[in-house]
Amino acid sequence: MNINKVYNRLSIFSLHLPPSLSPPQFLSASLHRFTSVPTRGRLRTPASSAGGTNTRAAMSPARFHHLVHLNAAAAECDAGAGGNGSVPSTAEDEDNLALGSGYRLPPPEIRDIVDAPPLPALSFSPQRDKILFLKRRALPPLAELAKPEEKLAGIRIDGKCNTRSRMSFYTGIAIHQLMLDGTLGPEKEVYGFPDGAKLNFVSWSPNGKHLSFSVRVDEVDNNSGKLRLWVADVETGQARPLFQSPDIHLNAVFDNFVWVDDSTLLVCTIPLSRGDPPKKPLVPSGPKVQSNEQKNVVQVRTFQDLLKDDYDADLFEYYATTQLVLASLDGTIKAIGPPAVYMSMDPSPDQKYLLISSIHRPYSFIVPCGRFPKKVDLWTSEGKFVRELCDLPLAEDIPIAFNSVRKGMRSINWRADKPSTLYWVETQDGGDAKVEVSPRDIVYMQPAEPLDGEQKAILHKLDLRYGGISWCDDSLALVYESWYKTRRTRTWVISPGSEDASPLILFDRSSEDVYSDPGSPMLRRTTVGTYVIAKIKKENDEGTYILLNGSGATPEGNIPFLDLFDINTGKKERIWESDKEKYYETAVALMSDQSEGDLYLNQLKILTSKESKTENTQYYIQSWPDKKACQITDFPHPYPQLASLQKEMIRYERKDGVQLTATLYLPPGYDPLKDGPLPCLVWSYPGEFKSKDAAGQVRGSPNEFAGIGPTSALLWLARRFAILSGPTIPIIGEGNEEANDRYVEQLVGSAEAAVEEVIRRGVAHPNKIAVGGHSYGAFMTANLLAHAPHLFCCGIARSGAYNRTLTPFGFQNEDRTLWEAAETYVEMSPFMAANKIKRPVLLIHGEEDNNPGTLTMQSDRFFNALKGHGALCRLVILPFESHGYVARESIMHILWETDRWLQKYCVSNTSNVNENLDKCKDDAKKEVPDLESKTIPASGGGCPELADSEHEGLHPRARASLCICC
């Protein structure tokens, strides 16, 4: 069951690809939150932790994050100097302007890059014979974010639209035929919907003959913006409302609609009998009381937007309650089931059953809706109740230790290779990762309607935590398990249809060891719209082969590959590999799976991407056996003014011997011998590791295109800065050592090594090096200004948390509580070292930040602490913005603030940062023990704060996002 259904949100980017399970990857804190979700033909965008739960997705090492991320705009924005109420800045009286009111605009060389029109998102038809170009607008105006929203149960709801607030949208849909020679046919526009309509949730029917999508149009009446479901004929492009009645609207707070078969959709609608929203009582009926007289141990993270009282609970139920409706293309509609808070609905592969998930009371005031009591039922596709699978109680007591889970049945899904067989997993350790037990998880399987007396069957037992299954057939499936504490990950080969066949370990490795990553199986689409492991045949060969799609990490950078892997012998043959001299290529999806039958190696067609340092991503279809590549896109360069930027992946060493890497960007035409050292901006985000060797491995490729998002540090290449992007800041805790107990010293050691390297290369002026970061990167920035003042002239910290005592039940990957590791919490908190910060620091924070741990209060209090010690500091609070910044006014102002700060305190810095370098280093050494000198016991997991991913990109609009839909 696709429990975490997802939504097009402004604050998040999207990756749309066919599901490809692999061993869970312990990715960077930003990347693992933005992963594609397997759906049956729906174009989905990950919501920001829908329900407030932290999901670590098991994604393919095909590394789909190279694709352009979808950040559909919320409105057409004027790219001119005065657009959206922003005030252009001038050099004249800038200090006075800086203290004035109103939004500012950055210099034109930055503004022009950010205002460049976004490229479209792409979606392939189930038959792989057509491509949708989903058109988008630029950055939305602040007015979109300023619309009223309800903050309930860990989510934010737009009451006017009855959907998640701040949804992005498409402005149009164009259909292209994919010709036999790989070229695109003429564009065919989908038409019929109102002018100015906002389109969402675009999906193909299983047979590829129709499209479904939601339409909303801003109106002046009470139905303003409510979503209606439309369908379009793919051959003609004509669109029409699915429901004849104008009173039937979508309820998209959780799920929205799904194709049950070629002509029928199951739709979440607002109940026709629903009245007006409940009104908040002027006088409360009593005090707000919480009790723990049973002495239960309940430790929770600092979740936000929770229910506060009974009125909130009623309001949440009002907006989230759905009436499910079966709607046919011929206009027939039928309401099924009672109104309820349905979270997901998944048809079985044979279209005979529906897996229905809902939540119900009692709700909670301390955890988000993802932990509310949850009921999972089985219905027929006509809406008749068959049986209850589970009714899970409220889960307020899930331990904070990493790999802890909810008790009872979880990850309930349909087998992709069977008509209607369910599988799920149940924990044997009570959900507590600290409990030692074997097995830890058991995977079960059962027909939708078991025969009398037929019990659930044990499919597999696991000693680590279950991480997903890739299905193939009765003779082959891959089961994944992992354990964060040890970074161990294992892949099992099982034969689901044979009780006699013993499971075999296929791969057993460290998830941190990217060099040993074998890749993950490529999947093929079945005729019923599910995805299974693609078995490949060779002529005159009876072997069982699969395709492993890998990122190909090496000491020289990633070189993606496809291996033909013999599942029985373990032998592999490399059948494709990326160019490594100039280009970075990836295998994206299988394109020769549109029909049933065996897939032969010499008939393969693979969708690939290709890019270089200076050429943006384009897509190709490669055909075997000659591997001829046919280019199918020709997107223009998104920022031609930086087309000749210089990029180099550099390696250097920390004093304790740990190998470090970074990507060094230099402006177009820059020559260090002629131009001398530049002002430099270092932008990074720390990461935790269990071994020095893994920490020193190279990740990424020197040939990847430089995607520049609206808030990216790379924008300052246009201002003639050197940018050191993503220098690795490994915080290592080997063996039983807790990494965070030596956080500050390892942080400073990594930063020293990075700064010394750019100075040694002659590209950075030693007195003009600034440091910045977002979220945990902002936390890093503040700590470096406090503990390494000899390295940086100023800092920029966006949406950070600075006082760890305000997150007492863990943060990032720390799962000890404040009371268990008080010294570590205090020593890691730059708030506690505010008196040591002497360098200028710019603090920026969204006023509506809903990320766990990074409350806006963190920046408020840190600024007051700095100001109380006379530090040179500035605090910018962005109205209506959350953890990631979205509105054009906000983004332009951030860029203006950042540019002003850098020009004033970096470019114009006349003080000698290194004047007392030796003394500063001596002071730092007295304060920070030597990297090798301290050993303390092992680190846990947790709920990482979201990275801004400036080098990964929160808003990378430079490339076209891609979707392979079914």
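Helices here are DSSP runs of H or I with at least four residues, numbered from the N terminus. I keep that in view for the helix entries below.

**Entry: the model itself**
I'm working with a predicted model, not an experimental one. I looked up the confidence to begin with: the mean pLDDT of the protein is 86, and 83% of its residues reach 70 or more. Over residues 1-89, though, the pLDDT is below 50, and that stretch still has 354 contacts in the model beyond near neighbours in sequence.

**Entry: helix α10**
I picked α10, which runs over residues 856-868. How far does α10 reach from its first C-alpha to its last? I get 19 Å for its 13 residues, close to the 18 Å expected at 1.5 Å a residue.

Next I checked which residues of α10 are buried, and the list is Thr856, Gln858, Ser859, Phe862, Phe863, Ala865 and Leu866. I jotted down a reminder on spacing: an α-helix has 3.6 residues a turn, so residues three or four places apart point the same way. Back in the list, Ser859, Phe862 and Phe863 are among the buried residues.

What covers the buried residues of α10? I noted α8 (776-787) there, and the cover also includes the strands β49 (841-846) and β50 (873-878). Following α10 I came to Gly870, and its phi is positive, near 75°.

**Entry: salt bridges**
I searched the whole structure and got 51 salt bridges. I wrote up a few of them.

Arg156 pairs with Glu149, and their closest N and O atoms are 3.9 Å apart.

Asp312 bridges to Lys308, with the closest N and O atoms 2.9 Å apart. I count Asp312 as buried because its relative accessible area is 6%, and the cut-off for buried is under 20%.

Arg574 forms a salt bridge with Glu577, where the closest N and O atoms are 3.3 Å apart. Arg574 has a relative accessible area of 41%, so I put it down as partly exposed. Glu577 comes out at 35%, so it is partly exposed too.

**Entry: a network**
Which residues are linked in a network of salt bridges? I listed Arg410, Asp429, Glu436, Arg440, Asp441 and Arg465.

Methods. Residues numbered from 1 in each chain as written. Predicted model: local features only at pLDDT ≥ 70, side-chain atom pairs only at ≥ 80, totals over all residues. Heavy atoms only, no water. pLDDT = per-residue confidence, 0-100. Contact = heavy atoms within 4.5 Å. Helix = DSSP H or I, 4+ residues; strand = E, 2+ residues; numbered from the N terminus. Expected span 1.5 Å × (residues − 1). Buried < 20%, exposed > 50% of the residue type's maximum accessible area, 1.4 Å probe, protein only. Salt bridge = Lys/Arg side-chain N within 4 Å of Asp/Glu carboxyl O.
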